[in-house]
Amino acid sequence: MSTITPQKTIREIQHATVRFCGDSGDGMQLAGTQFTNTSALAGNDVATFPDYPAEIRAPRGTKAGVSGFQIHFANKDIFTPGDQLDALVAMNPAALATNLLDLTVGGVLIVNSDEFSDKDLKLAGFSTNPLDDENLRRKFQVYLVDMTRLTRLAVEEIGLGTKESDRCRNFFAVGLVYWLYDRSLEPTLRYIDDKFSKKPQVAEANRRALKAGFHYGETMEMFASQFRVSPAKLPPGRYRNIMGNEATAYGLIAAAKRSGCELFYGSYPITPASDILHELSKHKNFGVRTFQAEDEIAAITATIGASYCGAMGVTTSSGPGIALKQEAMGLAVMTELPLVIINVQRGGPSTGLPTKTEQADLLQALCGRNGECPIPIVAARSPADCFDTVQEAWRIAVRFMTPVIFLSDGYIANGSEPWRVPDASAMSPIEVQHPPGRSDGSTFLPYERNERLARPWAVPGTPGLMHRIGGLEKQDITGNVNYEAGNHQHMINTRDRKVALVADDIPLQEVTGPERGKLLVVSWGGTYGACATAVNDVRELGGDVAHCHLRYLHPFPKNLGEVLWRYEKVLVPELNLGQLRMLLRAEYLVDAVGHNKVQGRPFHVTELVEKIQQLLQ
Amino acid sequence: MSVDTALKILTPNDFASDQDVRWCPGCGDYSILAQMKKVLPTLGVPPEKTVFVSGIGCSSRFPYYMNTYGIHSIHGRAPAVATGVKSFRPDLSVWVITGDGDALSIGGNHLMHAIRRNLDINIVLFNNQIYGLTKGQYSPTSPLGKVTKSTPLGTIDNPIYPLSVAIGCEATFVARTVDTNIKHLAMVLKRAAEHRGTSFVEVYQNCIVFNDGAFDYATAKDTKTETTLELEHGKPLIFGKNRDRGVRLHGLDPEVVELGKGISEDDLLFHDERAAEPSLAYLLSRMRYPDFPEPIGVFRAVERPMYDELLNEQIAKAKAKCGEGNLQQLFESGDTWLVE
């Protein structure tokens, strides 16, 4: 979309990446979400990347307060929100300053020119007005739109104050971009009606702003051309757009239903995990009990209490909160109770980058506790995949009577993609057994084990099965407190073997691309999209490279060593300093190399393509 | 089978586990364990419907000695574990056994929140004013200046009073008793069990090894009538071997007075455990030996909605209003589109 044609046409393109950015109070997340839903409803494949500051309202007009939302939409399968922007909407100078670098040369730049006063420029650190820069116009298709004035004009009859009128500017911007990409206004009009049903004035103002933006694009004939992205050829079925945290919540509810357990969800608010709590708390009619605890430790220990009583116990946090939960995770290992611990990872260490993504908690999940304390680990690869992977976590938890860690991250938690809605009636049950009561006076053995080394899940209230569990070392079979040397060794080995046995219960590792060859790219978690796309791009150029994405991180699939050994080189791109790489090197003695980035941002496809090509030379 | 259990007359032995009790000989915990086993059969709750939850410390070994369900959890977290148990299974009778370090130091936060939520659980705090299991460091209830292993020059930490803390957290049931006063101990445990909401009981408990005699003033036969005051609802605050002394209000402060000489019972403070405001209970919780006799008995017993009940009511209401959750409807909520 780089050439400017003289007459107004609609150009068919395969995909486009658009970013809305402005002050954190400008409603950019909403603008982005609306554009996403509309594109998804139009049948595109979409991938999104919301990027917002940790401060709720950083000083207005400053770079620290810039909030952005990026959408990649396409007529084919896509896996990332895009590297470079085809269009950028900047609502103020600070947004322009922090986002312009990502706009592709020749791309569309839409600027709210009303917000470029000397004061605004100064706040953003400009000494001169960048809009006066000739280079800017040479490099990009620049459209200066006095959005503040136009929005006020559009809504003036409604009688809102200036402040409220200005709040409608995001809908003006969305309307304008809808025209640019030939989108229907209907889904957003429906959204406005629904969202502001109790505030008819605000609803009307937003409707007018949206339409004004659209009509402005149309009547001013300002853009050289419109663009159209046709529907993608997705597998048949009913689709909806879904965010990672939403998919996680749905997955938990589904897993509860499948296992016949009621969900107890203990959580303490933390970015970027809180939306799971918000979503679950809406669905109490599924028997979901959400408990907003006084702290992270109470969140997990209350959950352990509920799990002891037969609940599907789930606790959620992000890295700092997980650090606080680790002692209790040890208790769940010792008491051998099923539990799902969700970590929506963010930039660390310490408070780190609360709203930015990272995948640096793998070793925390694997090794973060005192003693030999094995816990199975699974990781989701995309927003929609959270739905399946979190159910898998619960399946393993009840099958092996163990806590299981589910890793998500800020990128997939807040990102979204189309999700083919599953047929609920076709979901297989997750088998759960609670031993029945007895009155024959025989001794119940709470640490007797089945072939998977799982102990029975006897719940309070059952006659004859009274037993005590706790954090002290247990004698096998009886579950009595025991400090003997041999027993401790036996129990350490047993807990370790039990978790190792999970490998018999999960699928073998598959690869995409050649079964053997020059290079294998190994990824885990939210970097799936970038890695899959990069490998695919290089292969289309003739490169001998395959991709292996791990859902199961502990234990690894049984054939993983063989898979790795079939390639001359192994590349492990990670948003950390090489945590999976370290594990693969230690476990399989492969000379894996890394591509590591910790900038609070996902990988760009292009940087991975470069790295792969470099290794193939 | 459930019929058998219901018909059976329970005895203390039905609540005793087969595990050897491993407290030090002469520990005050034995007495509390014995009274608990005596009280439980009188409550009409079978062992399988009873759960003991504890944290870490000497007192927290308690669940192992009960033939009920039990969790010996981690340090300070028992109230939180119990919150999960009771929230998910309101039909169970849940006891939290804790100590002064477990409840007021490492677990202070959970204690506060369990009490304010007013779950229908019973919290029994064994207060021995010392860390026993870690072998003799001072605790948050140790008196100022106390010389211990970690404070050879005496503590410089001001102590807190468990009952004042509980009242400050909006407790609906607050009581105090003494390990050696077994009848009183049994009475208080029973009252705690019968209360709907969080019951908070402080037991003066002697640690024979690391803090022997800390409560001698309150337990010694010759002094206990002078140093303690047994609270009775609706009765004036009277104490002393000859019941000749009492407590009356002077402004906002209590004062000890002798009866006779123009002062009658009617001039004394009357106990009202059901007072809507916790002011009286708080005032009583601040009365310390040697300036005052220390009250024992039920300080406060009022009703307030309970978290576990409210939580499960919300579930029931949501089901009644929206119907039992339907997964397909959930998945398809919001905008969807069909790909042919």
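**Cysteines, a helix and chain B**

Guide: Over all chains, this predicted model holds zero disulfides.

Visitor: What about B:Cys58, which cysteine sulfur is closest to its own?

Guide: That is the sulfur of B:Cys24, at 6.4 Å, which is again too far for a bond; B:Cys58 itself is partly exposed, its relative accessible area being 27%.

Visitor: Changing topic, how many residues does helix α21 of chain A have?

Guide: Helix α21 of chain A has twelve, residues 605-616, and from its first C-alpha to its last it reaches 16 Å, close to the 16 Å expected at 1.5 Å a residue.

Visitor: Which of its residues are buried?

Guide: In α21(A) the buried residues are A:Val605, A:Leu608, A:Val609, A:Lys611, A:Ile612, A:Leu615 and A:Leu616. Seen down the helix axis, the buried residues of α21(A) fall within an arc of 165°, so they line one face of the helix.

Visitor: What do they pack against?

Guide: The buried residues of α21(A) pack against several elements of chain A, among them β18 (517-524), α18 (528-540) and β19 (545-550).

Visitor: Last one, what is the secondary structure of chain B?

Guide: Chain B comes to twelve helices and twelve strands, and 55% of its 340 residues count as buried.

Key
Residues numbered from 1 in each chain as written. Chains lettered and ligands numbered in written order. Predicted model: local features only at pLDDT ≥ 70, side-chain atom pairs only at ≥ 80, totals over all residues. Heavy atoms only, no water. Disulfide = S-S within 2.5 Å. Buried < 20%, exposed > 50% of the residue type's maximum accessible area, 1.4 Å probe, protein only. Helix = DSSP H or I, 4+ residues; strand = E, 2+ residues; numbered from the N terminus. Expected span 1.5 Å × (residues − 1). Arc of directions from axis to C-beta. Contact = heavy atoms within 4.5 Å.
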